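Thanks, everyone. I'll take you through one complex this morning, chain by chain, and then look at where the chains meet.

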Amino acid sequence: MKKYLYVVKTQIIKSLTYEFNVYGNIVMQTIIMITSAYFWRALYQGRGMVGDVDADSMLTYVVMSSLLSVLLITNVERRIQMSVEKGTVATDLMKPINIFGVYFAEDIGNITALLFQNVLPILLIGSLMIKIPVIADIRDLSLFVISAFVSFLINWLIAALFGMIAFSAVNINALIQVKKHLLRLLSGSIIPIWFFPAGISKILESLPFVYIYQLPLSIYIGRGDRTQYLSQMRIQFVWLVILLGAFFFAQSRVTRKVLVQGG
Amino acid sequence: MRKACRELIHYLDVTVHMFKMAVMTVIEYPSNIAGWLISNPLQFIMGFAIIKFVVESFGEINGWNYGQLAFLYGLSVISHALSMIFFVQGWFMGYYVMEGDFDRYLTRPLGVMYQFFFTNINIVGITDLIPGVLVFIYGCVKSGVTVNLLFIVQIIVTLIGATLIRGGIYILLGSTSFHTRSAVDFGQYTQEIMDKTTMYPMSMYPESMQFILTYLIPIGWISFYPAASFLGINSRYAGMMIPFITLAVGVLVMLAAGAYFNMGLRKYESAGN
């Protein structure tokens, strides 16, 4: 455990070295957030409730989605690909530390740094320029935090599983893009899937993607009630278990493959 | 004059070879091609579907109906695809700067900017082109524009201009890496901003933002003004000349980008060995 904490610490320090990245990210994410806010304002102009949500809640959704997207940045797929492509994977696996644990710790470190570098500034800018994102019902705060944490894990596991494809395909740039698009469009991060036709949103609700963005955000803006949240969180949890199982299975497969081939 | 001609022919010759090499590099990873073939069309089909869902939930967007939005979307995706083929490297320039990859280009007897963009020509961008063209044809049919020779010429001019605008913006953003020596993944962000500003009518945004998108960051010329004038929708600028203005804007942005790139490159040199 101590070893991993050390990785987290190093990663935080690493993230702090590139100052420009921080400003660049903040500027870009702010532009995206404000554009989205105008986008929804224009759509809602002269309309009350659309899809059980009013314009005001939608703006909260936009701000919170921007914040959540910062916390859901993963680097694990790129790291795996790099180590496979450069061939360092064999020696990485020989180290007396679980390499996937290291990747996880790195992502945690990265996000910890981002929490102060990006989340706080974006929250501030969003509150000033769009609206203060107040939670609809304060009693649901704990549910929001738990579901957001589970969505972080689901998101990381999906990224890691995609990354492991690199062990057999070597170059997975395209697949990383596939994943990105799937996530962007099917998770409700940009357009919530309650605007989709009923049939399609039913199908999407059985996939893990909506539980990454839309579930915690719905809880935050109060679309639905407690029983709905809890039943959805149950599905979210089932997905977490399935993905964890898949992750450990895939991990043992790929490690064996590399070791058998004599790294 | 003859010397210039010979140089141009040399560059063209090199380009042909680079193109062949690019095709071969792509074929090297079969699973990757499969990935791109699924990923890119999927992205645009889903994006297009989402526009349909939005229209169904909210009705017309700022007076643009579904067919007209398809036209706008198609136009935007085609220029996006073309810019992906030729200029996607701008997105990753930071990584090249950080890893010192420009050293290699500097030692060769060809223009650095030319080498940077053409050694890395991105053939898979064609997979973006197909859905773009399909949606565009659908949009043409749905919105009932008259297709004649003039229209085709105007569309081609628009697309060249739009591709140059996009490419220029990527290069401008990428070239900041020369000064900052770090890599921000601008690609994702610019893509997201451009999605919202070129695939939906720009007139839905407030005046101040429209002003910025028209004059400062000329994204509006990529698809909004051309589409509005083709479809005869009222907008700040309309008329037959719009495609040519787009082209002119594209050339200007590209020139600015080239100048900024070269400025950055000088800085890179002096920082090197």
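Start at the N terminus of chain A and read along: the elements run α-α-α-α-α-α-α-α-α-α-α-α. That is 12 helices and zero strands. Keep in mind that this is a predicted model.

Buried residues make up 38% of the chain. Now the contacts in chain A with a separation of 6 or more: 82% of them are between residues 24 or more positions apart.

Let me stop at one residue. A:Gly163 sits in helix α7 of chain A, which covers residues 141-164. Is A:Gly163 buried or exposed? It counts as buried, because it has 28 C-beta neighbours inside 10 Å, and the cut-off for buried is 20 or more. What does A:Gly163 touch, leaving out residues up to four places away in sequence? The answer is A:Val76, A:Glu77, A:Ile80 and A:Gln81. For a sense of scale, take A:Ile242. A:Gly163 and A:Ile242 are 79 residues apart in sequence, and 17 Å apart in space, C-alpha to C-alpha.

On to chain B. Chain B has 12 helices and zero strands. The order from the N terminus is α-α-α-α-α-α-α-α-α-α-α-α. The radius of gyration of chain B is 20 Å, close to the 19 Å from the globule rule for 273 residues, so chain B is as compact as a globular protein of that length. The box for its C-alpha atoms, taken along the principal axes, is roughly 60 × 40 × 40 Å. Of the 273 residues, 42% count as buried. Take the contacts in chain B between residues at least 6 apart in sequence: 82% join residues at least 24 apart.

One helix in chain B deserves a slide of its own. Helix α7 of chain B spans residues 126-143, which is 18 residues. From first C-alpha to last, α7(B) reaches 25 Å, close to the 26 Å expected at 1.5 Å a residue. Which residues of α7(B) are buried? They are B:Thr127, B:Asp128, B:Pro131, B:Gly132, B:Val135, B:Phe136, B:Gly139, B:Cys140 and B:Ser143. The cover over those buried residues includes α2 (30-58), α3 (66-87) and α11 (224-231) of chain B.

Now the interface. The contact takes 31 residues from chain A and 30 residues from chain B. Which elements of chain A give two or more residues to the side that touches chain B? They are α2 (19-44) and α9 (173-186) of chain A. The largest share of that side, 13 residues, comes from α2(A). By residue type, the side of chain A that touches chain B divides into 20 nonpolar, 10 polar and one charged.

Last, confidence. Chain B averages a pLDDT of 85, and 97% of its residues score at least 70. For the complex, the predictor gives an ipTM of 0.79 and a pTM of 0.83.

Conventions
Residues are numbered from 1 along each chain as its sequence is written. Chains are lettered from A and ligands numbered from 1 in the order in which they are written. This is a predicted model: local features need pLDDT of at least 70, side-chain atom pairs count only at pLDDT 80 or more; totals for chains, interfaces and linings use all residues. Helices (H or I, at least four residues) and strands (E, at least two) are DSSP runs, numbered from the N terminus. The radius of gyration is taken over C-alpha atoms; the globule rule is 2.2 Å times the number of residues to the power 0.38. A residue is buried if 20 or more other C-beta atoms lie within 10 Å of its own, exposed if 12 or fewer, and partly exposed in between; C-beta atoms are placed from the backbone. Two residues are in contact if their C-beta atoms, placed from the backbone, lie within 7 Å. Ala, Val, Leu, Ile, Met, Phe, Trp, Tyr, Cys and Pro count as nonpolar, Asp, Glu, Lys and Arg as charged, and the others, Gly among them, as polar. pLDDT is the predictor's confidence in each residue, from 0 to 100. The expected span of a helix is 1.5 Å times one less than its number of residues.
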